[in-house]
Amino acid sequence: MISNLNINLNKIEWVYNGKRISIDILNSFFASKDDELKVVKVESGENYIADRIYYFSYDGKILYECNLLRGIIKWNINGKNVEIKAKNIQCADISFTENRVFIISQEDGQELIGYTLEGVLVFKRNDYYKLKLLYFVHVNRKLQVVCENSSMQDSYNRDRYNYDINIINGELSIVGMAY
């Protein structure tokens, strides 16, 4: 577990096993810990718009970095650095438990793209006709995608739902209302 997670003037700090970890990230404005995934997530960008997302291990090693503006996603798996480039990234995230990096891209309409952690393309789909892919959430150590589905509005006009992602072919299965 970590303690004393703090963000101050482009510096993120926390204490892990009695050792102070300090990382400088320009324009950082948000940091959170995820005890289930055992990572510190940091968001940075000008005017509080997250265009760079980082995951750090509790001991301060960078595990994942996504630069939305440059279209570059990097991560480290088993000591190997992997980098992929994608155009028009709306959102991207990593699932170490599912061995996947998922990307929502606006390159060719709206696409969901899946890579293995070794950087191998597994699927690229743009056939989600009734859905608007929005962002990813971690639920029970898996990534789900939150989508708008206007054909399924409830009596309160809510239309955002969590969907499980089939890691082989990108098919989506509805899980329930997104909150």
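Modeller: Happy to. Leaving out residues up to four places away in sequence, Ile113 touches Val101, Phe102, Ile103, Ser105, Leu121, Phe123 and Lys124, where contact means heavy atoms within 4.5 Å. This is a predicted model, in which local features need pLDDT of at least 70 and side-chain atom pairs count only at pLDDT 80 or more, while totals for chains, interfaces and linings use all residues. Residues are numbered from 1 along each chain as its sequence is written, and side-chain values use heavy atoms, with hydrogens and water left out.

Ile113 sits in strand 12, residues 111-116; a strand is a DSSP run of E with at least two residues, numbered from the N terminus. Ile113 counts as buried because its relative accessibility is 4% (buried is under 20% relative accessible area, exposed over 50% and partly exposed in between, with a 1.4 Å probe and protein chains only). Its C-alpha atom lies 6.4 Å from that of Arg125, 12 residues apart along the chain.

Ile89 belongs to strand 10 and is buried, at 9% relative accessible area.

Rolling a probe the size of a water molecule over the atoms shows where empty space is left. The search uses a 1 Å grid over the protein atoms alone: a cavity is a set of points where a 1.4 Å probe fits but cannot get out, a pocket is an open set with protein on both sides within 12 Å along at least five of seven lines, and lining residues have an atom within 4 Å of a point. Points are joined across faces, edges and corners, and a volume is the space filled by probe spheres set on them.

The largest pocket holds about 410 Å³. Its lining has 22 residues, with Lys41, Glu43, Ile53, Cys91 and Ala92 nearest the centre. Elements giving two or more residues to that lining include strand 5 (39-44), strand 6 (52-57) and strand 10 (89-95), but the largest share, five residues, is from strand 14. By class, 14 lining residues are nonpolar, three polar and five charged (Ala, Val, Leu, Ile, Met, Phe, Trp, Tyr, Cys and Pro count as nonpolar, Asp, Glu, Lys and Arg as charged, and the others, Gly among them, as polar).

The largest cavity has a volume of about 50 Å³, and its lining includes Leu37, Tyr55, Phe96, His138 and Arg141. That lining divides into five nonpolar, three polar and one charged.

Back to Cys91, from the centre of the pocket lining. A disulfide is a pair of cysteine sulfur atoms within 2.5 Å, and the count here is zero. The nearest cysteine sulfur to that of Cys91 belongs to Cys66, 7.7 Å away. Cys91 is buried because its relative accessibility is 14%. Cys147 is buried too, at 0%, and its sulfur is too far for a bond because the closest cysteine sulfur, in Cys91, is 11 Å away.

How values were computed
Helices (H or I, at least four residues) and strands (E, at least two) are DSSP runs, numbered from the N terminus.
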